[in-house]
Amino acid sequence: MVRVVVVNYEGGDITLRCLDALLRTDHPTDDLDLVVVDNNSHDGVVDAIRARYPRVRVIKSPVNVGFGRGCNLALSDLRGVHHVALVNNDAVVEPGWLTPLLDAIE
């Protein structure tokens, strides 16, 4: 399993564009765990994610803990996870972005 973590704070459409790209990743969906950590945004992005992307798990922090601690929230339980990718919410990946990274690690 590969966990892909995106930390969001007031990212709105930028975060949604990132998720659109991540969901086009050409890696088997049953081996891809997409997690968004929201740092107490008030822009409605959490509701939009839950409505538009049911397979994306959202962890909502009650306060803005920043990028590093936000990542840690998504990494607190790694049972069954073999690899982790941290993707900034303003990144737009290409469908084939993950395969060469996994190949290099393997």
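Contact here means that heavy atoms lie within 4.5 Å. The model is predicted, and by that contact criterion Leucine 22 touches Val4, Val6, Leu32, Leu34, Val87, Val93 and Trp97, leaving aside residues up to four places away in sequence.

**Nonpolar cores**
- The largest nonpolar core has 23 residues, and those with the most contacts inside it are Val4, Leu19, Leu22, Ile49, Val56, Val87 and Trp97.
- Two or more residues of this core come from each of β1 (2–8), α1 (13–22), β2 (32–38), α2 (45–52) and α4 (98–105), with α1 giving the most, namely five residues.

**The faces of α2**
- Val45, Val46 and Ile49 are the buried residues of α2; seen down the helix axis they fall within an arc of 105 degrees, and they therefore line one face of the helix.
- These buried residues pack against β1, α1, β2 and β3 (57–60), whereas Asp47 and Ala51, on the other side of α2, are exposed.

**Overall architecture**
- The chain comprises four helices and four strands, which run β-α-β-α-β-α-β-α from the N terminus on.
- Among contacts between residues at least 6 apart in sequence, 71% join residues at least 24 apart.
- The radius of gyration is 13 Å, which agrees with the value near 13 Å that a compact globule of 106 residues would have.
- Of the 106 residues, 43% count as buried, and the accessible surface comes to about 5800 Å², of which 53% belongs to carbon and sulfur atoms.

Note on methods: Residues numbered from 1 in each chain as written. Predicted model: local features only at pLDDT ≥ 70, side-chain atom pairs only at ≥ 80, totals over all residues. Heavy atoms only, no water. Core = buried A, V, L, I, M, F, W, Y, C linked by side-chain atoms within 4.5 Å. Buried < 20%, exposed > 50% of the residue type's maximum accessible area, 1.4 Å probe, protein only. Arc of directions from axis to C-beta. Rg over C-alpha atoms; globule rule 2.2 N^0.38 Å. Areas by Shrake-Rupley, 256 points an atom, 1.4 Å probe, with all protein chains shown as cover.
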